[in-house]
Amino acid sequence: MEVVIVPDAKAGGELIAGAMAKLLGRKPGALLGVATGSTPLPVYEALAAKVRSGAVDVGRARIAQLDEYVGLPADHPESYRSVLRREVLEPLGIGMEQFTGPDGTAEDVQGACEAYDKALSDAGGVDLQLLGIGTDGHIGFNEPCSSLASRTRIKTLTEQTRIDNARFFDGDIDQVPHHVITQGIGTILEARHLVLLATGEGKADAVAATVEGPVAAVCPASALQLHPHATVVVDEAAASKLKLADYFRHTYANKPEWQGI
């Protein structure tokens, strides 16, 4: 696992967007896995700026969704499909025909989970999966004690998660779905490159457990230690609990530029 410590969220966004641009340069039809939330927004903003400047062509790029609410219509403004359309697809000029995600409205939810797992495989697999991390170490909606071999499946949201997400539903927790479809940890680990972005002091404990702790289901993100190409990009605040922070800074500062991340 490579750890890259950056000054701030904007610098992290630029770094990851640069990696995406290089990937698309050598593989124009690459499948990019994207996450929702505030943390990845600097990545999408930096990538959109590269598209506008002509530095990268996304005409053949494909986008894959990490998770989705169960029961929300696809056109609901807070469905993750709608959120990604606003925050990723439209700014990049990518059409919905280049997007794939799970069907959160399917009558057979388990069947929809299995179908999405298969769709990712049939698409050739995710080339680069962008991840955020929760304060408890969760990735996607794989909460602590999720199986490290789990596949795309339905998960029940905790009450705290529903309380936290109520701000997107006019503050009304009753509007927040109880269930989500999420790529499992085993599914996530099949991406060729995993890039986790974490910013802010509130993520420091989770980052330390992910990078320097044992591989354990109690910290789902620690499974990234098992991946052959995982990059953890953190700002100074999120890196504040890392015992090996100086070593990570040294290794990245002395890394050959051609290697990228």
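Asp170 sits in the loop that joins helix H5 (159–165) to strand E8, where helices (H or I, at least four residues) and strands (E, at least two) are DSSP runs numbered from the N terminus. The structure is a predicted model, in which local features need pLDDT of at least 70 and side-chain atom pairs count only at pLDDT 80 or more, while totals for chains, interfaces and linings use all residues. Residues are numbered from 1 along each chain as its sequence is written, and side-chain values use heavy atoms, with hydrogens and water left out.

Asp170 has a positive phi of about 60° although it is not a glycine. A second residue of this kind is Cys145, with a positive phi of about 80°. Cys145 belongs to the loop between strand E6 (128–131) and E7. As background, most residues other than glycine have a negative phi. Asp170 counts as exposed at 74% relative accessibility, and Cys145 is exposed too, with a relative accessible area of 62%. Here, buried means under 20% relative accessible area, exposed over 50%, and partly exposed in between (1.4 Å probe, protein chains only).

Attention now turns to helix H4. Its 14 residues (109–122) should span 20 Å at 1.5 Å a residue, and the end C-alpha atoms are 20 Å apart, which agrees; the expected span is 1.5 Å times one less than the number of residues. The buried residues of H4 are Val109, Ala112, Cys113, Tyr116, Asp117 and Leu120. Viewed down the axis of H4, these buried residues fall within an arc of 140°, so they line one face of the helix; the arc is that of the directions from the helix axis to the C-beta atoms. The face of H4 turned away from the buried side carries the exposed residues Lys118, Ser121 and Asp122. The cover over the buried residues of H4 includes strands E2 (31–34), E3 (62–65), E5 (99–100), E7 (153–156) and E8 (179–182), together with helix H6 (185–188). Just after H4, Gly124 takes a positive phi of about 95°.

Helix H3 (residues 80–92) contains Ser82, which counts as buried at 0% relative accessibility. The side chain of Ser82 reaches the backbone oxygen of His76 at 2.7 Å. Leaving aside neighbours within four places in sequence, Ser82 is in contact (heavy atoms within 4.5 Å) with Ala74, Asp75, His76 and Pro77.

Key: A polar contact is a pair of N or O atoms within 3.5 Å; within protein, one must be able to donate a hydrogen and the other to accept it, and residues adjacent in sequence count only if both atoms are side-chain atoms.
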